[in-house]
Amino acid sequence: KLKDAKPVYPSAMREAGREARVTLDAVIGADGRVMAARVTSPEVHPDFAVAAVDAVRQWVFSPTLLNGAPIDIVMTVSIEFTLE
C-alpha cells in the first residue's frame, strides 16, 4: 500500500457507543488506485459503511502484475471501528 487513509469514526455512532466491523470488496485498478468499493457486511449501519468506503477509496497500491503486466484485482478488506 503506497497511500493509506484511516476511516473517520462517525460521531453519531461514537456518541451512541456503537462499534462495528465493515467488510468490503475493493476493485484495485491496474494503476493501483481503488476503482470501486462495495460493503459486503450484513446489516452494517450506513454511517459506518460510508466512512469505511470513503477511507478505502483513498488508498493507493503498487500495481499488481501478472506475467509482467499490471492487472485489476479484487481485494476483501475489513475496517474495524472500536471505541478506545
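The following questions and answers go through a predicted model, taking strands, charges, core and rings in turn.

Visitor: How do strands β1 and β2 run, parallel or antiparallel?
Guide: Strand β1 covers residues 20-28 and strand β2 covers residues 34-39. Five bridges join the two strands. L24 stands opposite V39 in β2. The direction of the two strands is antiparallel.

Visitor: Which residue in the turn between β1 and β2 has a positive phi?
Guide: β1 and β2 form a hairpin, with five residues between them. In the turn, a positive phi of about 90 degrees belongs to G32.

Visitor: What is the phi of E43, and is E43 buried or exposed?
Guide: E43 lies in the loop that connects β2 and α2. E43 is a residue other than glycine, yet its phi is positive, near 55 degrees. Exposed means over 50% relative accessible area. E43 has 83%, so E43 counts as exposed.

Visitor: Where is N67 found?
Guide: N67 is also not a glycine, and its phi is positive, near 55 degrees. With a relative accessible area of 79%, N67 is exposed. As for its place, N67 is in the loop between β3 (64-66) and β4 (69-71).

Visitor: How many salt bridges does a search of the whole structure find?
Guide: Side chains of opposite charge can pair when their charged atoms come close. One of the pairs here is D4 with K6, whose closest N and O atoms are 3.0 Å apart. The search of the whole structure gives a count of four.

Visitor: Which residues are linked with D4 in a network of salt bridges?
Guide: D4 is partly exposed, at 37% relative accessible area. K6, the partner of D4 in a salt bridge, is exposed at 64%. The network that holds D4 also includes K1 and K6.

Visitor: How many residues apart are E80 and R21?
Guide: E80 forms a salt bridge with R21, and their closest N and O atoms are 2.3 Å apart. E80 is in strand β5 (residues 73-81) and R21 is in strand β1, so the pair links distant parts of the chain. E80 is partly exposed at 41%, while R21 is exposed at 54%.

Visitor: Which strands does the salt bridge of R38 with D25 tie together?
Guide: The closest N and O atoms of R38 and D25 are 3.4 Å apart. R38 is exposed at 51% relative accessible area, and D25 is partly exposed at 23%. The two residues are 13 apart in sequence. R38 lies in β2 and D25 in β1, so the strands tied together are β2 and β1.

Visitor: How is the pair of Y9 and F48 described?
Guide: The structure holds four aromatic pairs. In this one, the ring centres are 5.8 Å apart and the planes are at 80 degrees. Planes over 60 degrees apart count as edge-to-face. Therefore the pair of Y9 and F48 is edge-to-face.

Visitor: Which charged end sits over the ring of W59?
Guide: W59 is buried. The charged end of R14 sits over another ring, that of Y9, 4.3 Å from its centre. Over the ring of W59, 3.5 Å from its centre, sits the charged end of K1.

Key: Residues are numbered from 1 along each chain as its sequence is written. This is a predicted model: local features need pLDDT of at least 70, side-chain atom pairs count only at pLDDT 80 or more; totals for chains, interfaces and linings use all residues. Side-chain values use heavy atoms; hydrogens and water are left out. Two strands pair if DSSP finds at least two bridges between them. Helices (H or I, at least four residues) and strands (E, at least two) are DSSP runs, numbered from the N terminus. A salt bridge is a side-chain nitrogen of Lys or Arg within 4 Å of a carboxyl oxygen of Asp or Glu. Buried means under 20% relative accessible area, exposed over 50%, partly exposed in between (1.4 Å probe, protein chains only). Rings of Phe, Tyr and Trp (its six-membered ring) pair if their centres lie within 6.5 Å; planes under 30 degrees apart count as stacked, over 60 as edge-to-face and the rest as tilted. A charge sits over a ring if NZ of Lys or CZ of Arg is within 6 Å of the ring centre and within 35 degrees of the ring normal.
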